[in-house]
Amino acid sequence: MTQIETDRPAPLRTAAIRKEYGHVRALDGVDFTLHEREIHALIGDNGAGKSTFIKILAGAVLPDSGRIEIDGRRVSFANPGDARDAGIETVYQDLALADPLGAGENVFLGREILKPGILGRLGFIDRTAMRTETMRHLTDLGVNIPSITVPVESFSGGQRQAVAVARAAAWGQRFLIMDEPVAALGHQQTMQVLDLMRRTRDEKNLSVILISHNLPEVMRVADRITVLRLGRRVLTIAVEDANTDLLVAAMTGSLSDTGASSS
């Protein structure tokens, strides 16, 4: 465990989050707690509610009821901008990179640095400053890419993922959500991304929510694991107390609802 235990309120906590789409109950009273400098994996089969839950945390979906708290203070997100303002950045599975642009332009996409003086007031972008800052973030995370200027469409899957993570880490003040970050990667690239996730936690002091179907990778990188099934939290467990059989049992329903603590 790498998170720091204190008597302060949890950095991020949800209580009794519910969401329905017509007659379908996507989330049924989900409690979840994220500690300081923790990688907390969220797992479950398709339809478990993972995507809906992270969309709520990312401000893309409004819950029907329940609470979201940051440092013990109740917050609400009307849109993704509200979540970003609260320090939450999300790396979705599709990465949302602009393929024809370089790494610097992608990291600052929508947040471009303008040139100083009158050129900036006229809307001219300072690409040199953006590339310099991007290289600083990539260096902090130990990431190597072929070039800061070439289009990211020429990068490998792992390098593209690294750019997306660097962008989120650059702007994320407190929390990083990673949605299936290694789903389409080979073994070596997967190991690189998992190492990048650890460095993001350690070097940038971010708490990470990892959504994944890959149990070996989850066991390798997570501090704690929460299992959702049919919209309900059925298990939260420290990784050192978990094993694949237990997690599969929780995911498939052969383990009864434990009411496991999320603290």
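**Helix α7 on the sheet.** Helix α7 (residues 187-204) lies across β3, β7 (175-179) and β8 (207-211), and runs at about 135° to β3. Helices (H or I, at least four residues) and strands (E, at least two) are DSSP runs numbered from the N terminus. Angles, from 0 to 180 degrees, are taken between N-to-C directions of axes fitted as lines to C-alpha atoms, for helices over the stretch in contact. The model is predicted: local features need pLDDT of at least 70, side-chain atom pairs count only at pLDDT 80 or more, and totals for chains, interfaces and linings use all residues. Residues are numbered from 1 along each chain as its sequence is written, and side-chain values use heavy atoms, with hydrogens and water left out.

**Strands β3 and β9.** Strand β3 (residues 39-43) and strand β9 (residues 224-229) run parallel and are joined by four bridges. Alanine 41 has isoleucine 225 of β9 as its bridge partner. Helix α9 (residues 244-252) packs on the sheet and touches β3, β9 and β10 (contact: heavy atoms within 4.5 Å). The direction of helix α9 makes about 25° with that of β9.

**The open sheet.** Six strands form an open sheet in the order β6-β7-β8-β3-β9-β10, with mixed pairing; two strands pair if DSSP finds at least two bridges between them. The edge strands, β6 (88-91) and β10 (232-238), each pair on one side only. From one strand to the next, the twist averages 20°.

**The surrounding chain.** Nine helices and 10 strands make up the chain's secondary structure.
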